[in-house]
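Please look over the sequence and the model first.

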Amino acid sequence: MPPGKKASRSEAAPAIAAGVELEKMRRRVRLSRLALFTAIAAGPVALAVAVTSGPDTAEAAAPHQPAPVRTAAVAADPAGYAQVFIDAWLRSSADEADSGQARLAQSLAPDVALPDPAAGAQSKLRSVTAVRSVQRDGSAWAVTVAAQYADSTVRYFAVPVATDRAGVSFAVTAAPGVVAGPARAEAEQSPYGVSVPEGGLSAAVGEFLAAYLTGAGEVGRYLPPGLELSPVSPAPYTAVKVQQVSAVEEAAADGQVPADGTKVRVLVQAEAQDGSGRWPLAYELALTVRSGRWEISALESGSAGQGGAR
């Protein structure tokens, strides 16, 4: 090829490349303008998106990732396990290792020896009840179990129990020890220091308890609208008599019914009667005045699952 033609072609190459790049830039400008005009027509929100995102590609926002939920493990109380063990252990004997009670005790505590009671040396076991649980360290627990015998004596046993990390498996790790029973706690002074006279509030409370415990009348007539409270069924008593009513608020001691909306809390000492005898009972109630009469707005004692307001 002649040298002149080679020179002309080599000089034309940069010009062609420059023209290609210029055309690309023009296309980008046209695309940017088109996106901007479309956004203007679509509205302010689309305009903001078009301005912030380039003409080439718009990077999608990362989807929201919910934070992982971590639940703390709850240590299971082995009180029931210790109670079952003590019941079986006290009813078993080393001389009858194949009995049902002995096998149960050994399955709960394989390394604990069975007792060897002498015939007639101890009163018959009546019941056992777990009264206290203390978590010592990690998986180690100490459970105090009360054993009541037919002669009314009570013995307390400290049972060492271990749990697994998940709190679903237990094991008695050593023989139980006889310990002193829990001390009687000093009760705080009762907030019910106002004496409520007979009649008025006391009469309303007596009628309510009669309907609640004996079925004499409808419980709903003593409740405010919207509050539901089912009576005890079947009715356990034939009669209920109010012995004493004490209140927190002074308004309960007034012989006259106070203004509507007045609220008081009372402690009712009552005596219930059935075919087998008389039984002292106590109830904490909240009352509210509505339409000039006292209504039971909450049953604080023994109201679990009964719908009583709090």
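## Salt bridges and the sheet

The side chains of Glu-295 and Arg-290 meet in a salt bridge, 2.9 Å from N to O. A salt bridge here is a side-chain nitrogen of Lys or Arg within 4 Å of a carboxyl oxygen of Asp or Glu. Glu-295 is buried at 2% relative accessible area, whereas Arg-290 is partly exposed at 35%. Buried means under 20% relative accessible area, exposed over 50%, and partly exposed in between (1.4 Å probe, protein chains only). Arg-293 joins Arg-290 and Glu-295 in a network of salt bridges.

This is a predicted model: local features need pLDDT of at least 70, side-chain atom pairs count only at pLDDT 80 or more, and totals for chains, interfaces and linings use all residues. Residues are numbered from 1 along each chain as its sequence is written, and side-chain values use heavy atoms, with hydrogens and water left out.

The whole structure holds five salt bridges. Among them are these:

| Pair | N to O distance |
|---|---|
| Glu-295 and Arg-290 | 2.9 Å |
| Glu-249 and Arg-265 | 3.0 Å |
| Glu-271 and Arg-278 | 4.0 Å |

Glu-271 is partly exposed at 26%. Arg-278 is exposed at 58%.

The sheet is open, with five strands in the order β6-β7-β8-β9-β10 and antiparallel pairing. Its edge strands are β6 (194–195) and β10 (293–299), each pairing on one side only. Strands are DSSP runs of E, at least two residues, numbered from the N terminus; two strands pair if DSSP finds at least two bridges between them. Eight bridges join β7 (residues 239–247) to β8 (residues 263–274).

Conventions:
Helices (H or I, at least four residues) and strands (E, at least two) are DSSP runs, numbered from the N terminus.
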